[in-house]
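Try each task before reading its solution.

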Amino acid sequence: MLHYYGSYDVVVCGGGTSGVTAAVASARTGAKTLLIERTGQLGGQMNFSGPPGFSYAYLFNALHEQVIAGFAGETHKRLLEMGHALPHTLTDWRGSYVFSYVDPDWWGLLVYQILTEEKAEMMLHSLVTDVIKEGSGLKGVVVEHPSGRSIVLAKVVIDCTGEGEVGCQAGAQYEIESRDVLEPSTVAFTADGVDWDKALQYIKDNLKDFLFEQADYTARGYTRETVEAEIKKAKSILEIGEIMGYISLRDQGLKTGGWHGQSGVGFFLMPKGGRILAHFQHSSHVGKTDATDVRDITRVEIEARRQDVIAFNFFKKYVPGFENAYITRVCPEARVRETRRIMGDYKIMPEDILESRKFKDVIGKSPFGTGSKHAVGTSALVTLPNAGKPKDKGSHDIPYRALVPIGLENLLIAGKAISAHRECHHRFLMETIVTGQAAGAAAALCAKKGITPREMEKDVSELQDVLRKQDVILDGTK
Ligand SMILES: Cc1cc2nc3c(=O)[nH]c(=O)nc-3n(C[C@H](O)[C@H](O)[C@H](O)COP(=O)(O)OP(=O)(O)OC[C@H]3O[C@@H](n4cnc5c(N)ncnc54)[C@H](O)[C@@H]3O)c2cc1C
C-alpha cells in the first residue's frame with residue numbers, strides 16, 4: 001500500500017556530495033526542500049563509501065587561480081575554522097592538482113548542521129524505487145523505507161543518486177559502457193600507525209620508483225629533475241599528496257604472490273586530528289563488472305575485500321614505515337567509478353575541456369583534464385585518445401544544459417551522472433559539488449517561477465545571479 005508523505009517544491013534523491021549540496025542550495029534559494037537518502041549517513045563517496053583520495057583537490061587551475069568555491073569553499077572554510085581542514089597546499093610545482101584537505105568524517109557531521117540551519121528536510125533510510133510521471137513530466141517519486149512505501153510529490157526532482165537511478169526509472173536516455181570497458185570498483189580502507197619520517201625517507205632515496213606526473217608540474221615550468229629536487233627538500237609527506245609507485249617493491253611482491261597485481265601500489269593522505277593517515281583507494285580494483293547488476297556489485301564487495309587483505313599485508317611486509325600500521329576503517333560498501341551518464345540537452349565533450357571552453361549558460365567550472373581512466377593492472381590507469389589538460393592552464397565551463405535530461409520535464413541531474421562524453425566523465429568530487437549547487441538553485445527558481453528546468457535554458461541569468469551570491473565562481477578566470 002502506498003502512503004502519501006508530502007509535497008515539496010524540490011525533492012533531491014540521493015544524499016552524496018551532489019545531493020547534500022543540491023538540498024542546501026535549493027533551501028537557500030527559498031524552496032521547500034526534501035533530501036532523500038538510502039542510508040542514514042549523508043555524504044556518499046565523500047565520507048561513507050569514501051573518502052576519495054583527493055578531497056578536496058582541483059579547486060584551482062594550473063595558474064593557481066581558484067575556479068571552484070561555492071559549497072566546497074564554504075565547507076573547507078568552516079572546517080578550517082573548526083580545526084578539521086588544512087589550508088590550500090599551493091605548492092609552486094603542483095599544477096591544478098592542489099590539495100585542500102578536509103577531514104571527511106567532520107564534513108559528514110557538518111552537513112547535517114548546515115541542512116538543519118537551512119531548514120532542508122531529510123528522509124533517511126529511504127530508497128527511491130520509482131517515479132510518478134504524467135506524460136514526459138515528473139510529479140514525484142515512490143520511496144521504500146521502514147514505514148512502508150510512500151509517495152512524495154515535487155515540482156522539480158533532482159537525481160543525485162550517482163548512478164542516474166531516478167533518470168533511468170523515468171526513462172531517460174543514457175550511455176553506459178560494456179562490462180569489459182567500465183572502470184573497476186573499489187572498497188577503500190584507511191590505516192594509522194605509519195612512521196612518516198621513514199616512509200618519506202624511502203621515497204627520497206628511491207625517487208625513480210615513484211610517479212609524480214599526476215601533479216602536472218610541467219604546467220608550472222618544472223621538469224621531472226626539478227620536481228625530484230623539490231621532493232628531496234620536502235619536510236612533510238603532505239607535500240607529495242598522492243604516493244604512487246614503489247615499483248621495485250611491487251615487482252618483488254608480484255614474484256612472491258605478495259601483491260595481487262590488479263592495481264598499482266600507492267595511497268593518499270588523510271590528515272586527521274593532527275595525525276596523518278594513509279588512505280588506500282586504489283588497492284582493490286575489481287573489473288569486468290557493471291554495478292547496476294546486483295550479481296556484479298555483490299562480486300565486487302567480496303573480491304575487493306580479498307584484494308584489500310593482500311594489499312595491506314603487502315604494505316606491512318614490504319613498505320618501509322608501514323611495519324606497525326593498522327587499519328582504522330574499511331569503507332562499509334564498494335563504490336563505483338563508472339556506470340550511467342544521463343544524456344542531456346548538451347553533452348560535454350573532450351574538446352570543451354581541452355579548449356578551456358566558456359559557455360553562456362555557465363553554472364560552474366572545473367580544471368580537470370580528460371581521458372585518464374582506471375583499469376585493472378599494475379599501472380592502474382589507462383590513457384584514452386583525447387587525453388589532455390585544459391588550454392592555457394585554465395578550466396572549462398560546465399553548461400546548465402548538461403543537467404537537463406533529454407525529453408523529460410521537471411527533472412534535473414547532478415553529480416557524476418550528468419551529460420558528458422566518457423572521456424570527460426564529470427565524476428570528480430569537486431565537480432559533483434558544482435553541479436549539485438547549480439541543480440539545487442535552478443530547481444528552487446523553477447518551482448518559484450512556475451517554469452520547467454528546460455524553460456529555464458532560455459535565460460539562466462537569474463540562476464547565475466543566485467549562484468554568484470552563493471559564492472560560485474562563474475567568471476574572471478582562465
Ligand atoms: C573508489 C573511488 C575513488 C575515487 N577517487 C576520487 C578522488 O580521489 N578524487 C575525486 O575528486 N573523486 C574521486 N572519486 C569520484 C567521486 O568521489 C565520486 O564520483 C563522487 O563523490 C560522486 O558523487 P555523487 O554525489 O554523484 O554520488 P555519491 O557520492 O555516490 O552519492 C550518491 C548517493 O545517493 C544514494 N542513493 C543511490 N541510489 C539511491 C536511491 N535509489 N534512493 C536514495 N538514495 C540513493 C547513495 O546512498 C549515495 O549516498 C572516486 C570514486 C570512487 C568510486
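Two strands count as paired if DSSP finds at least two bridges between them. Strands (E, at least two residues) and helices (H or I, at least four) are DSSP runs, numbered from the N terminus. The model is predicted: local features need pLDDT of at least 70, side-chain atom pairs count only at pLDDT 80 or more, and totals for chains, interfaces and linings use all residues. Residues are numbered from 1 along each chain as its sequence is written.

**Exercise 1. Work out the strand order of the open sheet of five strands.**

Step 1. Start with β10 (residues 265-272) and β11, which run antiparallel and are joined by five bridges. Here L269 stands opposite A278 of β11. The hairpin of these two strands has two residues between them, and G273 takes a positive phi near 50 degrees.

Step 2. Go on to β8 (residues 189-192), which is antiparallel to β11 (residues 275-280) and joined to it by three bridges. F189 has F280 as its bridge partner in β11.

Step 3. Four bridges then link β8 to β12, again antiparallel, with T190 opposite R329 of β12.

Step 4. Put together, the order is β9-β10-β11-β8-β12, with antiparallel pairing. The edge strands, each pairing on one side only, are β9 (242-245) and β12 (326-330). From one strand to the next, the twist averages 30 degrees; angles run from 0 to 180 degrees between N-to-C directions, and axes are lines fitted to C-alpha atoms, for helices over the stretch in contact.

**Exercise 2. Describe how α10 and α12 cross.**

Step 1. The axes of α10 (residues 429-449) and α12 (residues 461-469) come within 10 Å and cross at roughly 125 degrees.

Step 2. That angle makes α10 oblique to α12, because angles under 35 degrees count as roughly parallel, over 145 as roughly antiparallel, 65 to 115 as roughly perpendicular and the rest as oblique.

Step 3. List the contact residues, whose C-beta atoms, placed from the backbone, lie within 7 Å. They are Q437, A438, A441, A442 and L445 of α10, and E462, L463, V466 and L467 of α12.

**Exercise 3. Which residue ranges make up domain 1 and domain 2, and how far apart are their C-alpha centres?**

Step 1. Domain 1 spans 2-90 + 97-176 + 340-368 + 384-469, and domain 2 spans 189-330; the bounds come from an automatic or database domain assignment.

Step 2. The C-alpha centres of the two domains lie 29 Å apart. Their contact takes 15 residues from domain 1 and 16 residues from domain 2.

Conventions:
Contact = placed C-beta atoms within 7 Å.
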